[in-house]
Amino acid sequence: MVSLLGYRQIDLSGKVLGVLLLGEVGVVLLIDSFVVGRGGHHGFSSAPLHLAAITSGAPGIAIMFALAGFLGFESTVVFRDEARNPARTIPRATYIALALIGCFYALSSWALVSAWGDKGAVSAAGANPGGMLAETARIYVGSYAADLVSVLLITSLFAAVLSFHNVSARYLFSLGKTSVLSRRLGRSHPKHSSPHHASVMVTMLTLLLIAGAVAAGLDPAAQVFAWLAGVATGVVVALMLATCLSVMIFFRRPRL
C-alpha cells in the first residue's frame, strides 16, 4: 500500500495521511483532556520544572529520542516542486509544524506523567512501554478508548512509513534532477507528476533491508527500530549541522 500510494500523486498520500493524523492526534488529545479533567493521579506533575528530574536517568538517550520526535520537519522543502507557492507555503508549513509538534508533545508528555504520578510513570513505562498509553486510556477514558489507541497505533506506524517513503523518494528525485545520482531518478510521472522512478527505488531498498533483517533474525522493535533510530538520528543531526554551516558559508562568500 505504501508503494502504491508513493507511486501516485502526492495529493492522494496527503489525504490518507491527513485522515490518519487527525484520528491519532484526536485520541491523544481526548486522553489529555480526561487526565486534566480528573486532575491526574496525585495532582499535576511539576517534574518538568525540576532540573534533577531533567538530568536523571540517561539524558543523552532522552535527547536523542526528543530529536527523533522532530525528524521530518525539514522535509517540507523537498515538496516545493509540487507546491503552488513554495516561497510562501514551505516556510510557513515548516514553522507551523515545529510549533504544533512541540506544543503537542509537551502537553501530552506532561499529561501522561500526571496520569500516573512522577514515580508511577517511570515504573509503568519500564514495565509496559508499548502499552502504557493504551492502559492510560482504559483507566481515564474507558475500554473503548484503549481499543481505539491500539488500532490507531498500527495506522500511525503505517502513516510514518508512508511519510518516510515519500520524503526519501523526493530526496532521490532531487539528487537525480541535479545529476548527483542517475538522472532517471529525477524524472516525474507524466500523469501523476510523482517521482515514480525514485519511489520504486525506495521500495526496492526497503525490501532488501527488511529481507536482511529477517535473515539475520533481528528483533523488529528492540534491535531494528532501536539501532536504526539511533543511527538515523545521529546522521540527520550531522546533516542539519552541515547544512547550516554551508548556508552560512554561502552567504559569507563574496558575490561574483
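Colleague: In helix α7, by about how much of the helix are Glu135 and Arg138 separated?
Modeller: The model is a predicted one. Residues three or four places apart in an α-helix point the same way, since such a helix has 3.6 residues a turn. Glu135 and Arg138 are three residues apart in α7, so their separation is about one helical turn.

Colleague: What do the side chains of Glu135 and Arg138 form, and at what N to O distance?
Modeller: Side chains of opposite charge can pair when their charged atoms come close. A search of the whole structure finds one salt bridge. Glu135 and Arg138 meet through their side chains in a salt bridge, with an N to O distance of 2.4 Å.

Colleague: Is Glu135 buried, partly exposed or exposed?
Modeller: The class between the buried limit of under 20% and the exposed limit of over 50% is partly exposed. Arg138 has a relative accessibility of 43% and falls in that class. Glu135, at 26% relative accessibility, counts as partly exposed.

Colleague: Against which helices do the buried residues of α7 pack?
Modeller: The buried residues in α7 are Met132, Ala134, Thr136, Ala137 and Tyr140. After α7 comes Gly142, with a positive phi near 150 degrees. The packing partners of the buried α7 residues are α2, α5, α6 (118-127) and α8.

Colleague: Are α8 and α9 parallel, antiparallel, perpendicular or oblique to each other?
Modeller: α8 and helix α9 (residues 196-216) pack with their axes 8 Å apart, at an angle of about 120 degrees. Angles of 65 to 115 degrees count as roughly perpendicular and those over 145 as roughly antiparallel. The angle therefore makes the relation of α8 to α9 oblique.

Colleague: Is the crossing of α8 and α9 left-handed or right-handed?
Modeller: The crossing of α8 and α9 is right-handed.

Colleague: What is the relative accessible area of Thr203?
Modeller: Thr203 sits in helix α9. Beyond residues up to four places away in sequence, Thr203 touches Ser3 and His165. Thr203 is classed as buried because the limit is under 20%, and the relative accessible area of Thr203 is 18%.

Colleague: What is the relative accessible area of Ser194?
Modeller: Ser194 belongs to the loop between α8 and α9. Leaving aside neighbours within four places in sequence, Ser194 is in contact with Gly6, Tyr7, Arg8, Gln9, Arg187, Ser188 and His189. Ser194 is buried, and its relative accessible area is 0%.

Colleague: What is the phi of Ser193?
Modeller: Most residues other than glycine have a negative phi. Ser179, in the loop between α8 and α9, has a positive phi near 65 degrees and is partly exposed at 41%. Ser193, also placed in the loop between α8 and α9, is partly exposed at 46% relative accessibility. The phi of Ser193 is likewise positive, near 60 degrees.

Colleague: How much of the protein chain do buried residues make up?
Modeller: The chain has 10 helices and zero strands, and its C-alpha atoms fill a box of roughly 60 × 45 × 40 Å along the principal axes. Of contacts between residues at least 6 apart in sequence, 67% join residues at least 24 apart. Among the 256 residues of the chain, the buried share is 26%.

Key:
Residues numbered from 1 in each chain as written. Predicted model: local features only at pLDDT ≥ 70, side-chain atom pairs only at ≥ 80, totals over all residues. Heavy atoms only, no water. Salt bridge = Lys/Arg side-chain N within 4 Å of Asp/Glu carboxyl O. Helix = DSSP H or I, 4+ residues; strand = E, 2+ residues; numbered from the N terminus. Buried < 20%, exposed > 50% of the residue type's maximum accessible area, 1.4 Å probe, protein only. Axes fitted to C-alpha atoms, helices over the stretch in contact; angles between N-to-C directions. Parallel < 35°, antiparallel > 145°, perpendicular 65-115°, else oblique. Left-handed = near helix turned anticlockwise from the far one by under 90°. Contact = heavy atoms within 4.5 Å.
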